[in-house]
Amino acid sequence: MNRILRSIFCILLLLTVAVSTRFAIGENPDDEQQILLLRNAEVLRGKITLYGDNYLVTLPYGEIQIPVNRVEHVCDSIQAGFRLKQSAIRFGSAKQHYQLAMWCLNQDLVEGAREEDEVATSLESGHPVAPSIARRVIGAETKTEESDVGRALPRPAAGAAQRGGGARG
């Protein structure tokens, strides 16, 4: 009898250690960050749990409860959210495509913004927001290209500018 209890205790102890180790090294799939797309075009990122009639969004600095009826989609990435929003338009108007282009720009999805701007322009090139969206897309593309170039270029040594190492005219 004593031997059976000792065996059960050892098994329970091993299971506890195994489960604790699994959670400690980050293998808990529930800890993955998700995206909550709200009907008002806002986006929340965090651990998302359905909690009754609300989504509980756990953020690094706290928790927020969002009513289910304010949520458009829950997805694993912002790109997946874009594709869901895009598929909801189907045979939409230029206005809907421009709205999605603006949403993409707000989420730093430059490719999606360009794509939606092109679709909207093909539907209605004279739309009042067409020039403004086109300028923002071009600006975002330029900003992205500049940041890519900036990462690729070596930075000058800290003292080079102070020593007058630049070109003189």
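Which helix gives the most to the lining of the largest pocket? Keep that in mind as you click around.

First, some ground rules. You're looking at a predicted model, where local features need pLDDT of at least 70, side-chain atom pairs count only at pLDDT 80 or more, and totals for chains, interfaces and linings use all residues. Residues are numbered from 1 along each chain as its sequence is written, and side-chain values use heavy atoms, with hydrogens and water left out.

**Stop 1: the whole chain.** Switch to cartoon view and you'll find five helices and five strands (DSSP runs: H or I of at least four residues for helices, E of at least two for strands, numbered from the N terminus). Trace the sequence and the pattern reads α-β-β-β-β-β-α-α-α-α. Of the 169 residues, 27% count as buried, meaning under 20% relative accessible area with a 1.4 Å probe, protein chains only.

**Stop 2: the largest pocket.** Select Arg39, Ala41, Glu72, Lys85, Ala88, Ile89, Gln96, Gln99, Leu100 and Trp103, which line this pocket. A pocket here is an open set of points on a 1 Å grid over the protein atoms alone where a 1.4 Å probe fits, with protein on both sides within 12 Å along at least five of seven lines; lining residues have an atom within 4 Å of a point. Its volume is about 220 Å³, the space filled by probe spheres set on the points, which are joined across faces, edges and corners.

Stop 3: Now select 78-89, which is α2, and 94-106, which is α3: each supplies at least two lining residues. And there's your answer: α3 gives the most, with four residues.

Definitions and conventions
Buried means under 20% relative accessible area, exposed over 50%, partly exposed in between (1.4 Å probe, protein chains only).
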